[in-house]
Amino acid sequence: MTVADTVTGIGAGATARAIELDNTYVAHNYSPLPVVATSARGAWITDVEGRRYLDCLAAYSAVNFGHHNDEIIATAHRQLDALTLVSRAFHADQLGPFAAALAELCAKEMVLPMNSGAEAVESGIKVARKWGADVKGVPAGMANIIVADNNFHGRTISIVSFSSDPSARGGFGPFTPGFRSVPFGDADAVAAAIDEHTVAVLVEPIQGEAGIIVPPDGYLPRLRELCTERNVLLIADEIQAGLARTGRTFACDHWDVVPDVYLLGKALGGGVVPLSAVVADRDVLGVLNPGEHGSTFGGNPLAAAIGHTVVGMLQRGEFQTRSAELGLHLHARLRALVGHGVLAVRGLGLWAGVDIDPDLGTGKTLSKALAERGVLVKDTHGSTLRFAPPLVITGAEIDWAVDQFASVLAQAGS
Ligand SMILES: Cc1ncc(COP(=O)(O)O)c(C=O)c1O
């Protein structure tokens, strides 16, 4: 199929019935576009009525390697037929090799396997607090962690406790204490917030949900220096930014910064299973003893086998190169729309936040119009659209998606 062979309209028949079922029986904690996916290959999703859409969200970076990636699916089939779950009550043969490969990719010594991204963040917080108590000597209950304003690290109570988004917090209190939020990109504010009880600085190296916000160049290197000087762990949440999305294995690589702790998720599970991890050296992750932390599904053989294949693909480097090269093309094409309905374009690699002139409509109305033309993107924060296609997308597909975007903007402005 070609890029032109795509949708003509959305909303009737099987689509309407599926949406009605969802709306009746599924909690309304999302507000999806009216597209009902049923299969997908590479960068393309097919809906229940046979229409095809170019996926420019990639499940928030969980599908970095494309839908139904042959290598990942072959591993999944093989492992499904062998062993899927024993819990960590026993050893299983897939976990050790996966952890060794992931540790090597991160140039760290140990891996704590979990499932969702939020669990990796929660686990990172627990590890940092335990490290503070056992290694740094912070008195019980006194630890604090510095975070950045407008962060997004997930949806659990502790994580929303340090969110600055009112809709993430409203009605969900009481909240977990022990966090201090300072402006993103301001290393001096971090320096001022650190005290003798600070155990960690937790940041997204590029803020994703906030609108793909790239910090000033000196920010992450300065955080690295500060954390080393003040004996504080630097924790990089690379759950959305990492694993080739920005054109490097980790977003921190753009600034040659090595955090003490990597938090990974999303693409680690190859778009097939939830798989997340905390990765750090032995002097940090070694603070956990049996019984102090765990997860029934964390590190299960199916996820470990898939994660091992994903790490192997990242070790080859081809997805990082694709994202870097095609990212330049995507950004150049999107920047050409500044002044034609676009106010600003940010990001790195195949990851772009595009601010739209609010007079043309909300991010939501424009994403709907784009879906009508066969391109799936996600709005974030009012009038920002996020382009984050699977890294298998081609240059011609990017051109086609941006052409559709330009037409939608032109139509909205007419
Ligand atoms: C940077 C970051 N951290 C953590 C999470 C939470 O991941 P999950 O939805 O798998 O819990 C997300 C999800 O979007 C994220 O973008």
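Reply: Cys56, Leu330, Phe387, Pro389, Ile393, Ile398 and Ala401 line the largest cavity of this predicted model. By class, the lining of the largest cavity consists of seven nonpolar residues, with no polar and no charged ones. The volume of the largest cavity is about 40 Å³. A search of the whole structure turns up one cavity of 30 Å³ or more. As to how such spaces are found, rolling a probe the size of a water molecule over the atoms shows where empty space is left.

The protein chain has 14 helices and 15 strands. Its C-alpha trace spans about 65 × 50 × 45 Å along the principal axes. The radius of gyration of the protein chain is 21 Å, which agrees with the value near 22 Å that a compact globule of 414 residues would have.

Ala58 lies in helix α2, which covers residues 58–61. The phi angle of Ala58 is near 55°, a positive value in a residue other than glycine. Elsewhere, Gly173 and Pro174 are joined by a cis peptide bond, with omega at about 5°. Pro174 is in the loop between α7 (166–169) and β6 (179–182).

Two elements, α4 (95–106) and β4 (110–114), each give two or more residues to the lining of the second largest pocket. The most comes from β4, with five residues. By class, the lining of the second largest pocket has 16 nonpolar, 13 polar and two charged residues, whereas the lining of the largest cavity has no polar and no charged residues.

The remaining part is the ligand. Around the ligand are Ser116, Gly117, Ala118, Phe152, His153, Gly154, Glu204, Glu209, Asp237, Ile239, Gln240 and Lys266. This shell divides into three nonpolar, five polar and four charged residues. A polar backbone atom of Gly117 is 2.8 Å from an oxygen atom of the ligand. For Ala118, a backbone N or O atom is 2.8 Å from a ligand oxygen atom. Gln240 uses its side chain instead, with a polar atom 2.7 Å from an oxygen atom of the ligand. Taken alone, the ligand exposes 390 Å², and the protein buries 81% of that.

To return to the part asked about, the largest cavity has a volume of about 40 Å³, and its lining includes Cys56 and Phe387.

Key
Residues are numbered from 1 along each chain as its sequence is written. This is a predicted model: local features need pLDDT of at least 70, side-chain atom pairs count only at pLDDT 80 or more; totals for chains, interfaces and linings use all residues. Side-chain values use heavy atoms; hydrogens and water are left out. A residue is near a molecule or strand if one of its heavy atoms lies within 4 Å of it. A polar contact is a pair of N or O atoms within 3.5 Å; within protein, one must be able to donate a hydrogen and the other to accept it, and residues adjacent in sequence count only if both atoms are side-chain atoms. Accessible areas come from the Shrake-Rupley method with a 1.4 Å probe; for residues, only the protein chains shown count as cover. Ala, Val, Leu, Ile, Met, Phe, Trp, Tyr, Cys and Pro count as nonpolar, Asp, Glu, Lys and Arg as charged, and the others, Gly among them, as polar. Helices (H or I, at least four residues) and strands (E, at least two) are DSSP runs, numbered from the N terminus. The radius of gyration is taken over C-alpha atoms; the globule rule is 2.2 Å times the number of residues to the power 0.38. On a 1 Å grid over the protein atoms alone, a cavity is a set of points where a 1.4 Å probe fits but cannot get out, and a pocket is an open set with protein on both sides within 12 Å along at least five of seven lines; lining residues have an atom within 4 Å of a point. Grid points are joined across faces, edges and corners, and a volume is the space filled by probe spheres set on the points.
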